[in-house]
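Subject: Handing over a structure

Hello,

I am passing a structure on to you, with some notes on what I found in it. Please have a look at the sequence and the model first, then read on.

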Amino acid sequence: MYNQIVQACTIIQARTSIVPRVGLILGSGLAALADELAEAVVVPYADLPGFHEPQVAGHRGELAIGLLAGQPVAVLRGRFHFYEGYSMQEVTLPVRVLHALGCTTLLVTNAAGGLHAAWQVGDIMVIRDHIFLPGLAGHHPLLGPNDERLGPRFPPMVGAYTPALIALAHTTAAALGITLREGVYLMVSGPSFESGAELHAFRMWGADAVGMSTAPEVVVASHSAMQVLGFSLITNLALPDGPPANHEEVLAAGEAAKPRFAALVRGVVADSR
Ligand code: HPA
């Protein structure tokens, strides 16, 4: 894996002199934010060893490096999901590359189902913490021999979501007049949506939103000593007695919330240090 990281890095660095500080993983709907980069250089995933072509409608496969709100950033347009059949190492390789390129902060967004009846489709939640269900069950990106060049054998995960960045998210949202929720993101492997009993259990565990990504990327970012900020766009309510979730409503909610979500991400990047 180390060689793949170095190779990808070399290919990217040959195409731009920008050293990105913030790495962004933009999920369904938000990928268009990368179109706003100044001095942008775009590297198709096809050019990078270990990177795959995303298969989900609404995701595309390229890395864009440039300036967003004046800050040097690297944006992953499209991510790899565990439910697509990739290993947790494949899912998280792009985060290793972001770190190797110079990113000290990871900003990750996702679509998620809200576990509160009082929440609304289109709400944005800053992630305070996560429950990494596949990881706890043995599908973990750090399984196997540990490469000390990448991070420690037993990294802590308390505090993985950087408190100062959560505070910045609240300040930025308030300044923009955006209502921002805060909560715990629970990752399931998918691809089926959750049963009623599962959703009920997740509420009792203290989860506020459920989705099929993000936790492995955050574990690897934290292993790499990166600061982390995560946002979930609530694209549907995932309630035990509610209507079943479907992919179309997830994409539609992403589309509708795009301007607000993009403004928040832009604002946070502008003020991140
Ligand atoms: N469950 C899991 N993943 C999701 C959901 C959901 O309800 N909505 C968007 N991603």
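Let me start with Glu194, which sits in the loop between strand E7 (180-187) and helix H5 (196-204); helices (H or I, at least four residues) and strands (E, at least two) are DSSP runs, numbered from the N terminus. Before going further, two notes on the source: this is a predicted model, in which local features need pLDDT of at least 70 and side-chain atom pairs count only at pLDDT 80 or more, while totals for chains, interfaces and linings use all residues. Residues are numbered from 1 along each chain as its sequence is written, and side-chain values use heavy atoms, with hydrogens and water left out.

Glu194 counts as buried, at 16% relative accessibility (buried means under 20% relative accessible area, exposed over 50%, partly exposed in between, with a 1.4 Å probe and protein chains only). Setting aside residues up to four places away in sequence, Glu194 touches Val188, Leu199, Phe202 and Val210, where contact means heavy atoms within 4.5 Å.

Glu194 also faces the ligand: one of its polar side-chain atoms lies 2.9 Å from a ligand nitrogen atom. A polar contact here is a pair of N or O atoms within 3.5 Å; within protein, one must be able to donate a hydrogen and the other to accept it, and residues adjacent in sequence count only if both atoms are side-chain atoms. For Asn236, a polar side-chain atom is 2.6 Å from a nitrogen atom of the ligand. Taken alone, the ligand exposes 260 Å², and the protein buries 95% of that (accessible areas come from the Shrake-Rupley method with a 1.4 Å probe; for residues, only the protein chains shown count as cover).

Which residues surround the ligand? They are Ala111, Ala112, Gly113, Phe193, Glu194, Val210, Gly211, Met212, Thr235, Asn236, Ala238 and Val250, a residue being near a molecule or strand if one of its heavy atoms lies within 4 Å of it. Strands E5 (105-114), E8 (209-211) and E9 (227-237) each supply at least two residues of this shell, and E5 gives the largest share, three residues. The shell divides into seven nonpolar, four polar and one charged residue (Ala, Val, Leu, Ile, Met, Phe, Trp, Tyr, Cys and Pro count as nonpolar, Asp, Glu, Lys and Arg as charged, and the others, Gly among them, as polar).

The UniProt annotation "binding site", from an unreviewed entry, covers Glu194 and Asn236. They span 43 residues in sequence, yet no two of their C-alpha atoms are more than 12.5 Å apart, so they gather at one spot. UniProt positions are given in the numbering used here, feature names are shortened, and annotations may be inferred rather than shown by experiment.

Asn236 lies in strand E9 and is buried, with a relative accessible area of 4%. Beyond its neighbours within four places in sequence, Asn236 is in contact with residues including Ala112, Gly113 and Val250.

Two other spots are worth a look. Arg77, in strand E4 (residues 71-77), is buried at 4% relative accessibility. Its side chain makes a polar contact of 2.6 Å with that of Asp35 and another of 2.2 Å with that of Glu62. Ala262 lies in helix H7 (residues 247-271) and is buried at 7% relative accessibility.

Best wishes
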